[in-house]
Amino acid sequence: MTELQTLTVKQLSDALNKKELSSQEIVKSGFDYIKQTEPTIDAFITLSEEKALAEARKIDESPRSELTPLAGIPIGIKDNIVTKDVLTTAASKMLYNFNPIYSATAVEKLESAGLVSMGKLNMDEFAMGSSTETSYFKQTKNAWDQTKVPGGSSGGSAASVAAGQVPASLGSDTGGSIRQPASFNGIVGMKPTYGRVSRYGLIAFSSSLDQIGPMTRTVEDNAMILNAISGHDAKDSTSSRRDTPDFTNLIGQDIKGMKIGVPKEFMGEGVHPDIRDAVKNAVKTFEALGATVDEVSLPNAVYGVEVYYIIASSEASSNLQRFDGIRYGYRSENVSNLEDVYVNSRSEGFGSEVKRRIMLGTFSLSAGFYDAYFRKAGQVRTLIVNDFKKVFENYDLILGPVSPTVAFEFGAAKDDPITAYMRDILTIPVNLAGLPGMSVPGGFSEGLPIGIQLIGNHFEEEKMYQAAYAFEQATDFHKKQPVILGGKA
């Protein structure tokens, strides 16, 4: 990793404001490094070099006093977030040729802040997966060990940041798709409160669960990017009207007296001993910082996976109806009538995991099974929400692991989707309850990063950043970086 590639968002911002670096230098160096490391990492589907360099030039020509502190800093965008005139595929054959005519609100906000998009990042197809193996285009590798998955669905977003290709990226999180890859790659990933960031322009998977969030190498960087993308959006009916605070407000303040709960259900037998130990060590760190840590219970969280796969698949089967071979995207040439256009385009355009979830969702919504599955899942979701409410009556934050394992080998769950689904058991309840959750680096197991999960009450991201920053500064896990060009870290 070159010296420039190790700099954080904050460090780049300071260097730009002091005129020690220009945006063009940073962006050009970034593309040079991406070209060096892409054969190893395979994080990007599309690079926007010409456009990015033009934007950097424009920023350098503007008086710094008229720009935001983030102006000129590179960022990567997950490929299910639409970008005007830049190929947006959701890593699917179905959208192999889709050039959007507008940008997502989150992207517009980044552009208004002057951040420079370097390109679109690989992911699981339509965000369905937890290893980035379902992508139609390529197989992204873990930044720490290229024989391991980067996690998913935001695998490209996580690997690119961990590898130093970009200092920050946007991901999306429906059941853990920011936090789990952040954990696997040893970076910070925030899934904000549902409604905190506009979903307008995010290619919908599960509309009641999806949320865009930032992925960075440090906690402070993460808060700075969330500042840029948050806020009400009239184009998204689920967007919150709450005022957006400065998420860096409480960073650096001590956490004496903060009350943290550790759910006993998150520390069960299925969690690897090294990960349980990392959480126990995190508890000791928080206690040393002045927080009170107690065991708590989320009794209905154990049903999260079942509830999630009914609700998410049902919403996906509805959302993905629009991909029909008629309006845009892939159209089969093997047709002789209108029904062939629909059936063959979808059969050839969607991958096996997407088809599996469409079928599961369509079944759950069908007349004979709606009450038994979809309605019942909604009722259990309410029980999960109430469990969290009860804990947050007495506690500021919840602490636990992000994933029961560290990054696993490619193909480990290829023939066993149920095992793959169960890996999300620790992240899914947060999405079902619409809460903010984040992963922060919390240790290593056999050379692979372990993420610690912090969960906050609705719209209390500031408090989460306060605690996460205190933990980060008391440990040195975030300072360790993978060696990319030399192979294994």
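**View 1. Strand E9 and its two partner strands.** Ile-260 stands opposite Leu-397 in E9, where strand E7 (residues 259-263) and E9 pair in the parallel sense over two bridges. Helices (H or I, at least four residues) and strands (E, at least two) are DSSP runs numbered from the N terminus, and two strands count as paired if DSSP finds at least two bridges between them. Please keep in mind that this is a predicted model: local features need pLDDT of at least 70, side-chain atom pairs count only at pLDDT 80 or more, and totals for chains, interfaces and linings use all residues. Residues are numbered from 1 along each chain as its sequence is written, and side-chain values use heavy atoms, with hydrogens and water left out. E9 also pairs with strand E11 (residues 448-456), in the antiparallel sense and over five bridges. In that pairing, Leu-399 stands opposite Leu-454. E9 itself (residues 397-401) is mostly covered, with five of its five residues buried. Here buried means under 20% relative accessible area, exposed means over 50%, and partly exposed lies in between (1.4 Å probe, protein chains only). As a reminder for reading the strands, side chains in a regular strand alternate between the two faces of the sheet.

**View 2. Helix H7 from end to end.** Helix H7 spans residues 219-229 and is mostly covered, nine of its 11 residues being buried. Among the buried ones are Asp-221, Asn-222, Met-224 and Ile-229. At the start of the helix, a side-chain oxygen of Thr-218 comes to within 3.2 Å of the backbone nitrogen of Asp-221. That is a polar contact: a pair of N or O atoms within 3.5 Å, where within protein one must be able to donate a hydrogen and the other to accept it, and residues adjacent in sequence count only if both atoms are side-chain atoms. Just after H7, Gly-231 takes a positive phi of about 130 degrees.

**View 3. Val-219 and its surroundings.** Val-219 has its place in helix H7 and counts as buried because its relative accessibility is 0%. Not counting residues up to four places away in sequence, Val-219 touches Val-188, Ile-251, Val-440, Tyr-465, Ala-468, Tyr-469 and Glu-472; contact means heavy atoms within 4.5 Å. For a sense of scale, Val-219 and Ala-407 are 188 residues apart in sequence and 22 Å apart in space, C-alpha to C-alpha.

**View 4. Ser-314 in helix H9.** Ser-314 is found in helix H9 and, with a relative accessible area of 1%, is buried. Its side chain reaches the backbone oxygen of Ile-310 at 2.6 Å. Leaving aside neighbours within four places in sequence, Ser-314 is in contact with Gly-361, Ser-364, Leu-365 and Phe-374.

**View 5. A nonpolar surface patch.** Ile-326, Leu-338, Tyr-342 and Val-343 make a nonpolar surface patch of about 340 Å². Patches are made of residues with over 30% relative accessible area and no salt bridge, with like charges joined within 9 Å and nonpolar side chains (Val, Leu, Ile, Met, Phe, Trp, Tyr) within 5 Å. The areas come from the Shrake-Rupley method with a 1.4 Å probe; for residues, only the protein chains shown count as cover. Ile-326 lies in the loop between helix H9 (304-319) and helix H10 (338-349), and its 36% relative accessibility is why it counts as partly exposed.

**View 6. The salt bridge between Lys-35 and Glu-49.** The side chains of Lys-35 and Glu-49 meet in a salt bridge at 2.9 Å, N to O. Lys-35 lies in helix H2 (residues 23-41) and Glu-49 in helix H3 (residues 49-61), so the pair ties together parts that are 14 residues apart in sequence. A salt bridge is a side-chain nitrogen of Lys or Arg within 4 Å of a carboxyl oxygen of Asp or Glu, and by this rule the count comes to 18. Lys-35 is partly exposed at 47% relative accessibility, and Glu-49 is partly exposed at 27%.

**View 7. The salt bridge between Arg-199 and Asp-236.** Arg-199 forms a salt bridge with Asp-236, the closest N and O atoms being 3.9 Å apart. Arg-199 lies in the loop between strand E5 (188-191) and strand E6 (212-216) and Asp-236 in the loop between H7 and E7, so the pair ties together parts that are 37 residues apart in sequence. Arg-199 counts as buried at 15% relative accessibility, and Asp-236 is buried at 5%.
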